[in-house]
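Please read these notes with the model open beside you.

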Amino acid sequence: MPTYVAVDLGAESGRVLAGEFDGERLVVSEVHRFPNVPVRILGGLHWDVLRLLAEARAGIGRVVGERRVVSVGVDAWGNDFGLLDRDQRLLANPRHHRDPYTAGLTALVSSQEHYEVTGVQPLPINTSCQLLAHAGSPLLDAADRLVMLPDLFTLWLSGETLTERTIASTSQLLDARTGRWAGDLIARLGLPSRLFGADIVEPGTVAGPLRDESGRPGEAVVVAVAGHDTASAVAALPVVPGLSGSSGAVGYVSCGTWSLVGVETAGPITTPESRLAGFTNEGGVLGTVRFLRNLNGLWLLQECRRAWGTAASYADLVAEAEAAPAFGPLIDPTHLGFLKPEDMPARVAAFCRATGQPVPEGRAAMVRCILESLACSYRMVLEQAEELTGRPVEAVHLVGGGAASDTLCRLTADIGGRPVLAGPVEATGIGNLLVQVMAHGGIGSLGELREVVRRSYPPRTYLPDTEREPYDATYVRFRQLTAIDNFWSKVASQRCPTIDE
């Protein structure tokens, strides 16, 4: 049976998955998993992309040595990028989007004008802000081309330079309606047009043959899948007829390091109301748009675990939290103070004190606070999405690492008041693999792709508690203490807010 290989690069770890498709179901196995550890150099935080390449090749090599591999695809997180010279050599390790080197940039284009073109919110992590921070540097002067991270790995594996549309849509430099680089906007920002010369391609485009370290081509090919990991994950939603996406919108939470919460739409929504509500428009498979809010996710838990120096697994921490008292203090996961890789328990405690709440006492209470706050933020964003699109969200798909947590899934259903369809956990890798199947003609539509996911990995269903009062009261308290609306009003006239706002 032909085998497809997915390289899924996450902000905390990477994995190589092998998938076999018999025409009805996809069977996925994990071949290799490895940490993704950023490196701090002279005060700057960078991604160790050569280490990631070595790990990806190690995993691919294991599969190629044992099975008949027909293609490989790479997905990764958005915003970050590499700069190449004219010989397609990487000039420097990419900067980490959590590095505050973009702080303090001033507006060059009004927020609404920029949003109407790109559909993307002004945030300091955006590619546009990062490029502006490079203005006048020798690095930018030497650069001949920009490549988003999954496209960098596609280049290294195939020898071909291209730009895949879904990952480019995270840059705040792509025209949301044409799917082309926004040339006029790029010029007004003073960015070199030569950086954006690579052709923009759709998910499922064959880049070229898979090459070994010496550059020799093999029989397998490299496919430009939905390069943005969330685009791959949303493609793999196991939509259930009659429950999700029947007459309303397909709602989702893709929960990993980040939480991407929103609905699928046929086109971008770039009204002032959607901008002020913090929604962004990112590309999806087969012309769909992911209308979503980008929130902190399990990063909050990851950073707490790091600060505690504990060997306890995430599952152990969540199990402790499940036994902790419910309906305690809450935080606003979107607060920019939680973006920094610093002492997260101290930051949670400081937020609680600043908002007149008791500080969570002990590890279990801290984790419980984070999980309940995440569930509250999911409800808020989905309610906003309903209002902005005019379509009800009847159920919510929760995919990614967060779907492995019964506690988070149950809280999302109970606090949100909607059924939650949980899984698959490896939605990103599954979407990556099935877009490769589509590229080879094995799947003909997005609906067919999702039917394969549903047959292969049926979701777990969580129904909300019928006793609504304690959950609704918790949500009301969350809305009262958060600064979400005030934050977006505050940055409405800015392009790149500072990281400390």
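1. A disulfide needs two cysteine sulfur atoms within 2.5 Å.

2. Cysteine 369 has a neighbour of its own to check. The closest cysteine sulfur to cysteine 369 is that of cysteine 352, at 4.7 Å. That is still too far for a bond, because the cut-off is 2.5 Å. Cysteine 369 counts as buried, at 1% relative accessibility.

3. Now turn to the sheet. Seven strands make up an open, mixed sheet, in the order E15-E16-E14-E13-E17-E18-E19. Its edges are strand E15 (280-283) and strand E19 (460-462), and each of these pairs on one side only. On average, neighbouring strands of the sheet are turned by 30 degrees against each other, direction ignored.

4. Look at E17 and its two partners. Strand E13 (residues 249-255) runs parallel to strand E17 (residues 393-399), and five bridges join them. Valine 253 has leucine 398 of E17 as its bridge partner. Serine 254 stands opposite valine 399 in E17. On the E18 side, the pairing with E17 is also parallel, over three bridges. There, leucine 398 is partnered by alanine 422 of E18.

5. Is E17 enclosed or open to the outside? Six of its seven residues are buried, so E17 is largely enclosed by the rest of the structure. Helix H14 (residues 406-416) lies across E13, E17, strand E18 (420-422) and E19. The helix runs at about 45 degrees to E19.

6. An unreviewed UniProt entry places the feature "domain: Carbohydrate kinase FGGY C-terminal" at residues 252-439. In the model, this span is 46% helix and 18% strand. The C-alpha atoms at its ends lie 25 Å apart.

7. Finish with confidence. The chain has a mean pLDDT of 92, and 94% of its residues reach 70 or more. Take care here: where pLDDT is low, predicted coordinates should not be read in detail.

Notes: Residues are numbered from 1 along each chain as its sequence is written. This is a predicted model: local features need pLDDT of at least 70, side-chain atom pairs count only at pLDDT 80 or more; totals for chains, interfaces and linings use all residues. Side-chain values use heavy atoms; hydrogens and water are left out. UniProt positions are given in the numbering used here, feature names are shortened, and annotations may be inferred rather than shown by experiment. Helices (H or I, at least four residues) and strands (E, at least two) are DSSP runs, numbered from the N terminus. pLDDT is the predictor's confidence in each residue, from 0 to 100. Buried means under 20% relative accessible area, exposed over 50%, partly exposed in between (1.4 Å probe, protein chains only). Two strands pair if DSSP finds at least two bridges between them. Axes are lines fitted to C-alpha atoms, for helices over the stretch in contact, and angles run from 0 to 180 degrees between N-to-C directions. Contact means heavy atoms within 4.5 Å.
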